[in-house]
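Work through the following exercises with the sequence and the model side by side. Try each task before reading its solution.

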Amino acid sequence: MMSSGRPDLPADLTSFVGRRRETADIRRTLERSRLVTLTGIAGVGKTRVALKAAESMRRAFADGVLFVELSSLADPERLAQVIARELEIPDQSASSSADMLARYLADRQLLLVLDTCEHLVESCSRLVGGLLAAARGLRVLATSRQPLGAPGEHCLVIRPMAVPEPGQAASLEELADCESVVLFRDRVATVDPGFELTEQNAPAVAELCRRLGGIPLALELAAVRARSLPVERILTLLDERFWLAEEDASAGDPRHRTMQAAIAWSHGLCTAEERLLWTGLSIFPGRFDLPAAEAVCAQDGLPAHAIYPAIDGLVAKSILVCSKGPGRTTYRMPDSLREFGADQMPGPDQRRALLARHRDHYAELAVAASAVPPRGDQAEEWKQVRAEWPNLRAALEFCAADPAETAEGVRLVISLTFLWIACGMGREGRHYMEWFVGVARLDGVTRVQLLLLLAYAMVAQGDLRSSRETLEECAEVVQHLDDPLSRTHLVKMRGTLAYAEGDLAAADANLTEAIGLLHNGQSDLLVLAAMVELGITRLWLDRIDEAAEVLRECKRECEESGQSWARSWADLGLSLVLRATGELPGALALARSALRTQRRLHDASGASLCLELVAWLATGQEDPVWVTRLLHAAHGQWRQVRRPLYGSPHFLAEHARCEERLRRAIPPAEYEEAAAEGSAMSMDEAIAYALDESAGVQVAAPRDRAAPLSPRELEVADLVADGLTNKEIAQRLVVGRRTIDTHVEHILAKLDFSSRSQIAAWAIRHREGGGGWPSDGTAISQRK
């Protein structure tokens, strides 16, 4: 993962009320069943209950809890990819997302919460079944309006909250303890802080909770009306709407009719502008901001200046949920309310017009991010675009589903080039590139652009054979075009493929030619990427001065044009140059600078190469155990990205030399243990380790050379002194329990002790006295 810490659960925007029995049932069921599905009607609170249960179980899972919201996903074939993206597993491998997920989760202890699965039942069932078979430490908690039907599934029905018994005169105390009343009072208090349950309003409150069937969403929609109406009046208005609903039995389940009637009642109480906006906003698959709402939903009867007041009104009525973040406020509409809004759409023409405006808005964001201003922050611009992926995916799906929109879809794919190449989303990009190559009728120049982009994505995934085949198809198109620029771009891409294949002479010739033809004073991504590739090619050709010259020129142009991603690759190349000339401190500084930028952009392959480079530079300079961990942390990331080190014979040879030196530096058992620890690191852990940012990295005091314990045994002894059990030490050091058992046995034998208390006393004595710790280098211990 490229983010720090364990996956976060969505923050509660309102207090959680009741549901103790349900959350306890979920915890108990998950102890004996690895797949639990919460079912129930819309609006009954399945998501909130699942999140509450998951939060209460977070400590039971070493790798945390991951929440994946699926309501915005329309294509069931993309399910595994959505989960992988939430885990921030690099998206640049050519292998299937399901296989990659299974490998990633195989040795992890994780609770996966899949929310809103009812429209993806078959694909959820199939994927979850495969993941549970591959990952013994995985548990899955799903929410759906129907069971998934997967093997071993245990279903729990989330029912509406308890309501006051009809025909019984309950006391105020009894009524105040009723779950639905507690929720209603809590939500009314947010709009009317002075509200109290009294003898006068108690009958109306009880009847309102009964009429709404104890359905939480219905109760919340009613509660917001207390801002301006007494409960008795709310009940009267509700009865008028529900009388009509009860006469219509077509809705099936009475509880579903109750929910629909409550939503329709809220809809009827909205202003005309709010109702128009409610319908328009239903095309957003998830979150959106005010500029997006204005761009998409402004229409006759709803001018742009009226959008914000209407949004404010929908937030006040609990139709929209508002989330305030640093510098940006976003909104989302709960699924049931979005479905209702979509049903109010006058016809397919209006829906298509809204979807087209939605696509155009997000396409403009991509175009704007591509136009990096001089000295601008490219990483920040594309971080914001990447955050809009649910909306971008919806826009691409709209274009893919409508033959009349495929040309626009191709333009959107091309405008997102940076997202696919530099921001760790290569697999998603390749999916859409291949789709549009197969279905879109394009002019020759546009087809060449798309094929060249596809070939680049394939190289980035290490799929060199497919890239070569795509370039051959591209060449067929180019030879029938009178377009010099297309020919030049083809030459550049042939140079990139030769660079990846290790054909350095062909890479040098093609990249030099392409740069000469393209380099007309404009520092676009294509030229800068070619300069980096040419610089590293010349380095491997042992033309170090020429490599330095082209890489320094590339870096200068990047700094002037705000191209931080290409600059990070220029820094990486220059780091290799300085390493070749023996300037190791400068090389290390450049490698770490490149790594920081690639972390911001989620460039998993670039970050993996930087990790390797830091390890190469540290070999012979830093503690070999620390370097071994880092080298194998880097190598472990390639399993998630593509072929190790792109399959480059030059990079692979450097890795082998580094590994050989480390194996000579430390005992075999110690090497294997450090290698296993490094391989277990996630991407963000490995990056923090390489940058010395990890709070879990400690530098031990100097060691007395007469001490009989190895550095790892000293580390274990120190943790024994801290009072940790063997199981806790294993979790802290990210190793197996048996490994720690063996270490403790060795410590007892070497020190001729018979108890853990003797180990603790010895460790504390040496800790305080400064004896017994490594002095031959810096011993680094990974403390999580």
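The model is predicted, so local features need pLDDT of at least 70 and side-chain atom pairs count only at pLDDT 80 or more, while totals for chains, interfaces and linings use all residues. Residues are numbered from 1 along each chain as its sequence is written, and side-chain values use heavy atoms, with hydrogens and water left out.

**Exercise 1.** Determine which residues of helix α3 are buried.

*Solution.* Begin with the terms: helices (H or I, at least four residues) and strands (E, at least two) are DSSP runs numbered from the N terminus, and buried means under 20% relative accessible area, exposed over 50%, and partly exposed in between (1.4 Å probe, protein chains only). The buried residues are Leu 79, Ala 80, Gln 81, Val 82, Ile 83 and Ala 84. Because six of the eight residues of α3 (79-86) are buried, the helix is largely enclosed by the rest of the structure. Among the elements that cover these buried residues are β2 (65-69) and α21 (426-439).

**Exercise 2.** Find the side chain that Thr 143 joins in a polar contact.

**Exercise 3.** Identify the salt-bridge partners of Glu 546.

*Solution.* A salt bridge needs a side-chain nitrogen of Lys or Arg within 4 Å of a carboxyl oxygen of Asp or Glu. Glu 546, partly exposed at 32%, pairs with Arg 538 at 3.9 Å and with Arg 543 at 2.9 Å.

Note on methods. Contact means heavy atoms within 4.5 Å. A polar contact is a pair of N or O atoms within 3.5 Å; within protein, one must be able to donate a hydrogen and the other to accept it, and residues adjacent in sequence count only if both atoms are side-chain atoms.
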